[in-house]
Amino acid sequence: MSSTKISTSADSVEVFYRHAGPRSSPVLLLLLRGFPSSSHMFRNLIHLLATECHVIAPNLPGFGFTVVLPPNGNFYVEEIEKDSWAPIQAYWAFSTSSDREAIRTAALNSHTTKWQYTFGSPHPDSIPPESFYLNVALLERPGNQDMQLDILYNYCRNVEFEVKVLAFWGKNDQIVVNEGTEAYRRDVSEERLRVEWLDAGHFALETNESEVAGLIGEFWGRLEFELALRLINKKRNGRV
């Protein structure tokens, strides 16, 4: 696996990322992740995908080895497990300092981070412990906890898009719960949406990366076929 640290030309933010596959490939696949992980989450998956495309998995600002700057976050309300997210929803509603500190105490600790990785997994003992210990260490950097709290608040400011969606769901996940699929079905038409249920918890890629890679390859192949058909139809109609 190739890992590189670069500085962006826009604002000189140093961004750490992992990548694999030929840079000359006409297909670029960008892998993004959320709290509390980093591109380390994709360390096994990217090589399985790299035979078909160039894969890049950056650490977003404030995560992994990228410098601490506050990005945004997004979620569907239907995805949220009521009890786990109750303190965060109170923070959204009232934005008091006590609401903020309650989340810091409950969520930003090693026990909760490990739980996100292991709960719901059919094989929790097979998850490498460095996965969650790395998250814990990086989340403890100066200023990072406050940045994470800012991101959690910004989850209530979602922007909706209409795109083709392949959604993987750990059916044992108690953080992003199964009801969230109904929100996707509401906003994404049936022909644009495919949901795959995995026997996994929240961090499914710790145990199901081969299954996910196969499904992504199948989904991507279908998209390429549909694009080829559109180009053929345009040529027939004299528009290319």
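## Cavities and a pocket

By class, four nonpolar, six polar and one charged residues make up the lining of the second largest cavity (Ala, Val, Leu, Ile, Met, Phe, Trp, Tyr, Cys and Pro count as nonpolar, Asp, Glu, Lys and Arg as charged, and the others, Gly among them, as polar). The model is predicted, and totals for linings use all residues. Residues are numbered from 1 along each chain as its sequence is written.

A cavity is a set of points on a 1 Å grid over the protein atoms alone where a 1.4 Å probe fits but cannot get out; a pocket is an open set with protein on both sides within 12 Å along at least five of seven lines, and lining residues have an atom within 4 Å of a point. A volume is the space filled by probe spheres set on the points.

The whole structure holds two cavities of 30 Å³ or more.

| Space | Volume |
|---|---|
| Largest cavity | About 50 Å³ |
| Second largest cavity | About 40 Å³ |
| Second largest pocket | About 180 Å³ |

Of the 13 residues lining the second largest pocket, Leu49, Glu52, Cys53, Gly217 and Trp220 are the closest to its centre. Helix H8 (209–236) and helix H1 (45–49) each give two or more residues to this lining, with helices being DSSP runs of H or I, at least four residues, numbered from the N terminus. H8 contributes the most, six residues.

The lining of the largest cavity includes Leu108, Thr113 and Glu140. In the second largest cavity, H5 gives the most, three residues.

Notes. Predicted model: local features only at pLDDT ≥ 70, side-chain atom pairs only at ≥ 80, totals over all residues. Heavy atoms only, no water.
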